[in-house]
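Subject: Structure handover

Hello,

Please find the structure below, with notes on what was found in it.

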Amino acid sequence: MALRGISVLELAGLGPGPYCGMVLADFGAHVVRVDRLGDLRDLGVLARAKRSLAVDLKRPQGAAVLRRLCARTDVVLEPFRPGVMEKLQLGPEILQKENPKLIYARLSGFGQSGRFSRVAGHDINYLALSGVLSKIGRNGENPFPPLNLLADFGGGGLMCTLGILMALFERTRSGKGQVIDANMVEGTAYLSSFLWKTQQIGLWDQPQGQNLLDGGAPFYTTYKTADGGFMAVGALEPQFYKLLIEAVFQEGNESNITILLELFYLTKIKRGLGLRHDELPPQMSMSDWPEMKKRFADVFARKTKAEWCQIFDGTDACVTPVLTFEEVAHHDHNKERGSFITDEQGLGGALGYLLGAIDWAHLEIGRVLGTEFQVMFFFSALVLALCFIIHLCSIPEAPLRDVSKDISPQQAPQDFPLSSDKMYQYGSIEKAKNHSVNPELALQGEKNKNPAEQVRCKFFFLYSGKIPFLLPFSFFYYSLFCLLI
């Protein structure tokens, strides 16, 4: 992992800060979240691979605990308004005196200075102040934010992560830490550099919602299908737009089902929207865009989302389904790449999560075994061996046959009285000599009067007999993997 060995203290906050900490943890950093004592908020949403502790920073003892932690950490992630940490005597000036290599990342909405620096705000406010919100919205409608993703997580959390990584890289040269002023207004403005740089080339000359990339073009928007689903169209280039109007499969991309259907019906299956180019106005005739959007919408409304997927599958028409959260993990492309990991992974997924959350680098077993993946592989071998043992222990014994029933009354020995309840103890030679059990039953092994004694005996023989063979098998399993990698 790229950030293995980097320690991060994340002071608990809302979305952008925890997201930044989660990204660092996903790439190997050892992240500890410092919660407020008695905080009842659900802080586990973006807590993957993190540890946590609760500290009352308003008490001198709590502040002293955090100061000691900061003295041996690499990064502090602080999401509060300006001046909060200074009042607690935990500002960057104080902490960096004790740890000059400390990287102090301050993630806020409006920044550490300026008129709005000390006021509250949320994603929509930061997006509005960056200028980006004025570019988002339909024609004739109010501007609307794209959920709370752009400012909070794009301009905030992700930009702060980038700043931390650059500070870590710079520290390898100077040996000194830095103070990072990451804020969502400037981070969002930086993300929108393309918008600013294209102001002079006419890309945004039209009112909101009537431009090429903001939903004004009929070939760069979404359309509703017959079953209530949606299709996304992004056929900007002329060659892609041509395929949108009447799509043609590239050589080698036609599915077997399509070929069989064409052979059966002796005709080519209609692809694309089924429109004729000579009946449509030019692609870039902006005055005709509203009418073209209506015509495209009418065509898309005639078929279901699945039917449109079949039509455009394998083409370069730039048409894709708008997948819901329930559909996205089951889409063929995403399944082939393993893009999404759900919570339905069962015991294996939970075991991998737990083993991956342990800081193996600071444990002796981690240094002996090597990488985290090797550690997980080693433990999987042990779990496999344990499951095999449990399986062996769960196999029922074969029922014992009472051979006395096979002996005729004339041949049955009279010297060995049988127990009235037809239950016999495990025999021994001494008991047979003393005429206390039937010798034939003693040699074959009989039912036990005490089932608990039988179970203990059974487990003893299974564990003592199988473990010497299973443990070498586990280590061989692990060693073979180490050689392969």
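**Asn99 and its contacts**

Neighbours within four places in sequence aside, Asn99 is in contact with Cys70, Ala71, Arg72 and Thr73. Asn99 sits in the loop between H4 and strand E5 (103-108). With a relative accessibility of 9%, Asn99 counts as buried. Please keep in mind that this is a predicted model.

**The chain as a whole**

The chain has 485 residues, of which 36% count as buried. Its secondary structure comprises 20 helices and nine strands. Taking contacts between residues at least 6 apart in sequence, 64% join residues at least 24 apart.

**Helix H6 and its partners**

Helix H6 (residues 150-174) packs with helix H1 (residues 16-26) at an angle of about 45°, the two axes being 9 Å apart. An angle of that value makes H1 oblique to H6. The crossing of H1 and H6 is right-handed. On the H1 side, the residues involved are Pro16, Tyr19, Cys20, Val23 and Leu24. They meet Asp152, Phe153, Gly157, Leu158, Cys160, Thr161, Ile164 and Leu165 in H6. By type, the residues of the contact of H1 with H6 are ten nonpolar, two polar and one charged.

H5 is another partner of H6: their axes come within 8 Å and cross at roughly 70°. At that angle H5 is roughly perpendicular to H6. Asp123, Tyr126 and Leu127 of H5 make this contact with Leu150, Ala151 and Asp152 of H6. The residues of the contact of H5 with H6 comprise four nonpolar, no polar and two charged.

Helix H7 (residues 184-191) also packs with H6, with axes that come within 8 Å and cross at roughly 95°. H6 and H7 are therefore roughly perpendicular to each other. From H6, the contact draws on Leu150, Ala151, Asp152, Gly154, Gly155, Gly156 and Met159. From H7, it draws on Met184, Gly187, Thr188, Tyr190 and Leu191. The division for the contact of H6 with H7 is six nonpolar, five polar and one charged.

Asp152 of H6 is listed in the contact with H1, in the contact with H5 and in the contact with H7.

**Cysteines**

How many disulfides does a search of the whole structure find? The search finds zero. A disulfide is a covalent bond between the sulfur atoms of two cysteines. For Cys160, the closest cysteine sulfur belongs to Cys20, at 4.0 Å, which is too far for a bond; the cut-off applied is 2.5 Å. Cys160 is buried, with a relative accessible area of 0%. Cys309, at 26% relative accessibility, counts as partly exposed.

**Helix H9 and its cover**

In helix H9 (residues 238-245), the buried residues are Tyr241, Leu243, Leu244 and Ile245.

**Loop residues**

Asp313 is found in the loop between H12 and E9. Is Asp313 buried or exposed? Its relative accessibility is 52%, so Asp313 counts as exposed. The C-alpha atom of Asp313 is separated by 9.7 Å from that of Arg271, and the two residues are 42 apart along the chain.

Two other loop residues may be worth a look in a backbone check. Gln89 has phi near 60°, a positive value in a residue other than glycine. Gln89 lies in the loop between helix H3 (84-87) and helix H4 (92-98), and at 45% relative accessibility it counts as partly exposed. Leu147 is not a glycine either, and has a positive phi of about 55°. The place of Leu147 is in the loop between helix H5 (123-130) and H6. Leu147 counts as exposed, at 64% relative accessibility.

Regards

Key. Residues numbered from 1 in each chain as written. Predicted model: local features only at pLDDT ≥ 70, side-chain atom pairs only at ≥ 80, totals over all residues. Heavy atoms only, no water. Axes fitted to C-alpha atoms, helices over the stretch in contact; angles between N-to-C directions. Helix = DSSP H or I, 4+ residues; strand = E, 2+ residues; numbered from the N terminus. Parallel < 35°, antiparallel > 145°, perpendicular 65-115°, else oblique. Left-handed = near helix turned anticlockwise from the far one by under 90°. Contact = heavy atoms within 4.5 Å. Nonpolar A, V, L, I, M, F, W, Y, C, P; charged D, E, K, R; others polar. Buried < 20%, exposed > 50% of the residue type's maximum accessible area, 1.4 Å probe, protein only.
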